[in-house]
Amino acid sequence: MGDDWKGKFDFLKEEGVEVVYLPRTPEISSSQIKRDTNYENAVLRNTAIRVRGEQSMKRVITYGTFDLLHYGHINLLRRAKALGDYLIVVISSDEFNWNEKHKKCYFTYEQRKALVESIRYVDLVIPEESWNQKRSDMHEYHIDTFVMGDDWKGKFDFLEEEGVEVVYLPRTPEISTSKMKKDLYDANAVDGESKTSHDDINTDPK
Amino acid sequence: MKRVITYGTFDLLHYGHINLLKRAKALGDYLIVVISSDEFNWNEKHKKCYFTYEQRKALVEAIRYVDLVIPEESWNQKRSDMHEYTT
């Protein structure tokens, strides 16, 4: 077996055979290939495209960075989902952020994707790679409604030409990732580290 | 129904939290997450959160693996929680 199984099958020696664990080839695995080729997304996308055949299903799409997740994001995603039956979230890739928005995220695309995928209102997460992807996404994913926060008001009205409804939802007041970053980088704003380590805690005080 | 419980602060949510919650839920059918209240954090852990309890609760409740969120108010709540949430 590959040596990622090392020791796990030693019991077969009792059956009189030699048990050998061969070193795995570094840096390659089926799961890595699936990640690299976006296999899971392809499967999900195919499902999404099959599902679009059902005329009754209303499909909603929104775009964002989703770096440091906060309750404002949740409010937006919940209301976006409520506008239809199937919610697609398009998250800007690291390259798109850096090259086009001159913005560096705290989390990588894969890490941001993992978080957004775990939100119960979200059905599919795909990457945003360029500014002009939106027009084609409307057709590729058979979108009915395009949603953004109202800080973008008017900026995406041109998508109505692609036959979709464009909705700007009111932003949740007083919270944004930019504000979080500003606060967090301000050393005095938040005591990021607990002063109490787990070892200092009497976990069973009776 | 197998019930699973975990405890934490869940202030700035990251993929590590998600990994934990996903695996915790996979251990059973119903996942309860107990989030430390602001008072508990401050008085007992001497820790100030970026988000309030209600804000942290809203975020964790939106995670698809989570079935119930309740507050943690004291260190000795865990023993009684084990019995209170059996049915």
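B:Phe10 counts as buried at 6% relative accessibility, where buried means under 20% relative accessible area, exposed over 50% and partly exposed in between (1.4 Å probe, protein chains only). The model is predicted, with local features needing pLDDT of at least 70, side-chain atom pairs counting only at pLDDT 80 or more, and totals for chains, interfaces and linings using all residues. Residues are numbered from 1 along each chain as its sequence is written, chains are lettered from A and ligands numbered from 1 in the order in which they are written, and side-chain values use heavy atoms, with hydrogens and water left out.

**Exercise 1.** Describe the surroundings of B:Asn41.

Solution. Step one: B:Asn41 belongs to helix H2 (residues 38-44) of chain B. Step two: its relative accessible area is 0%, so B:Asn41 is buried. Step three: leaving aside neighbours within four places in sequence, B:Asn41 is in contact (heavy atoms within 4.5 Å) with residues including B:Thr9, B:His46 and B:Arg56.

**Exercise 2.** Identify the largest nonpolar core and the elements that build it.

Solution. Step one: a nonpolar core is a set of buried Ala, Val, Leu, Ile, Met, Phe, Trp, Tyr and Cys residues joined through side-chain atoms within 4.5 Å. Step two: the largest one has 37 residues, and A:Leu77, A:Val89 and A:Ile119 have the most contacts inside it. Step three: among the elements that give two or more residues to this core are helix H3 (71-82) and strand S2 (86-92) of chain A, and helix H1 (15-26) of chain B. Step four: H3(A) supplies the largest share, four residues. Step five: not counting residues up to four places away in sequence, A:Val89 touches A:Phe66, A:Leu77 and A:Val116, among others.

**Exercise 3.** State how chain A and chain B meet.

Solution. Step one: 29 residues of chain A are in contact with 24 residues of chain B. Step two: the area buried between the chains is about 2,400 Å², of which carbon and sulfur atoms give 62%. Buried area is the accessible area (1.4 Å probe) that two parts lose on being put together, summed over both. Step three: in chain A, A:Tyr71, A:Ser118 and A:Arg120 lose the most area to chain B, together 24% of what that side buries.

**Exercise 4.** Locate A:Pro23 and relate A:Pro23 to A:Lys6.

Solution. Step one: A:Pro23 is in the segment before helix H1 (30-36) of chain A. Step two: A:Pro23 counts as exposed, at 66% relative accessibility. Step three: A:Pro23 and A:Lys6 are 17 residues apart in sequence and 9.4 Å apart in space, C-alpha to C-alpha.
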